[in-house]
Amino acid sequence: MIKGALARPHPAPEKPLLHQPARFMSTHINVLDMARQQLATAAKYLDLDEGLHQVLAHPIRQLVVHFPVVMDNGEVQVFQGQRVQHNSSRGPTKGGIRYHPDVDLDETTALAMWMTWKCAVVNIPYGGAKGSVKVDTKMLSKRELEKLTRRFISDIGIIVGERSDIPAPDVGTNAQTMAWIMDTISMQKGYTVPGVVTGKPIELGGSEGRVEATGRGVVVSAGEACNSLGMSLAGAQVVVQGFGNVGSVAAELIENEGATVIAVSDAQGGIYNPKGLPVKELCKKYAGREGGIREFKDAEKLSNADLLELKCDILIPAALSAQITGDNAKKIKAKLIVEGANGPCTPEADQYLSDKGVMIVPDVLANAGGVVVSYFEWVQDLQNFFWAEEEVNQKLTRIMKHSFAAVENTMRSHKTDMRTAAYIIGVKRVADATIRRGIYP
Ligand code: NAD
């Protein structure tokens, strides 16, 4: 029970949230509403004080910027970006930067909130943040992308820093983006600040193992979940939605464990071969190239919607949020879902699938490998002392297994699903830290 320590007369439970998101509907899913529903479920289990619940349901800071970029043709285009810091009770805020045409402030806030719980579930000393720019990177040249990145980070630079808020890659950004961010902040400071951002290239203070970390964590989680269900990873049939950093690495590493990857997809759609796909070849010769993975001939083409509904043992959604919803949950045939993406299952889908006995390893646990190795990178940068890849992978695997076991134990002791169990752990750690610190002044 978490009560009293913030004791003040608190508002009635029905008090509207400061920023009231759209109602949850299958047709338009507001992911901030979804994130707050998930928090509310955990709050009930923890008997969370309503005032504290309100603190955790809101971000501490949202900075929205509109910034100009001079395009290659000389025209000026204005872009919208945002950086949201959700909670800093347990340490500096941490979270990726996403470039995508559909991002908005609500989604960025939900993603920041999920980062807070994720860092707490794996017990690393960070709060959650997220940044985003509404942009279709396919429409920009490399030079335009660099200028956009440098201007965006300059504009949000007033709240970013190696001791305050540390960005990392997410959808549409990569190690090169992080290098530009590090260089921009360093130019402004007058000295090199590697610890201001993680997911950098190795030669600029990046960590060994960071590129693979999220996918590796997903596969460790899948292995632990298989053990728990009495299934074997070797021989399992796996479907992966999204073939970017997380999806392609997860597909490659799970294949190394003896599983058969039967379908993968990117934004354009998917490919399917029930006998298995050659993941390494897809990564090397097709991913990220003109035409993408759908150029691979020895497979049937299918839509992203159909891919999710394929018969398989393990489904790894590793693209965007709200992919498995009340509308398609009934058609999902996987026995185990391991969430590589953030927020791929809506609460409606969660409820239906867990009632049906499908195990869902939630995002705040399954994809935490990325932020764990980002934490290692930050520690290495602050100390100027770098670790071997083997050491990074060993430490990552230990944290993932330990966190999985803690979530599983909580799930069993509270007789609930894995997401709620992970939230019980994560939200409790953040709530405890908030109570310990007290409310300033
Ligand atoms: P990425 O940009 O490297 O890859 C995204 C992939 O998803 C691409 O293959 C893209 O084509 C595909 N995609 C885009 N829209 C799609 C759609 N509508 N349907 C199907 N596929 C689509 O991004 P990433 O870093 O791999 O991130 C993927 C997910 O994992 C995101 O939800 C992200 O928040 C989450 N995540 C990433 C990290 C990380 O370390 N990169 C860590 C934790 C969580």
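Mentor: A residue is called buried when its relative accessible area is under 20%, exposed when over 50%, and partly exposed in between, with a 1.4 Å probe and protein chains only. This is a predicted model, in which local features need pLDDT of at least 70 and side-chain atom pairs count only at pLDDT 80 or more, while totals for chains, interfaces and linings use all residues. Residues are numbered from 1 along each chain as its sequence is written, and side-chain values use heavy atoms, leaving out hydrogens and water.

Helices here are DSSP runs of H or I with at least four residues, numbered from the N terminus. In α6, 14 of the 20 residues are buried, so this helix is largely enclosed by the rest of the structure. Helix α6 bends by about 25° at Arg216, the bend being the angle between axes fitted to the seven residues ending there and the seven starting there. Just after α6, Gly230 takes a positive phi of about 70°.

Turning to the ligand, 22 residues surround it, the closest being Asp170, Thr214, Asn245, Ala319 and Asn342, where a residue counts if one of its heavy atoms lies within 4 Å. A side-chain N or O atom of Arg210 is 3.2 Å from a ligand oxygen atom, and a polar side-chain atom of Thr214 lies 2.7 Å from an oxygen atom of the ligand. The elements giving two or more residues to the shell around the ligand are α6 and α7 (245–256).

Note on methods:
A polar contact is a pair of N or O atoms within 3.5 Å; within protein, one must be able to donate a hydrogen and the other to accept it, and residues adjacent in sequence count only if both atoms are side-chain atoms.
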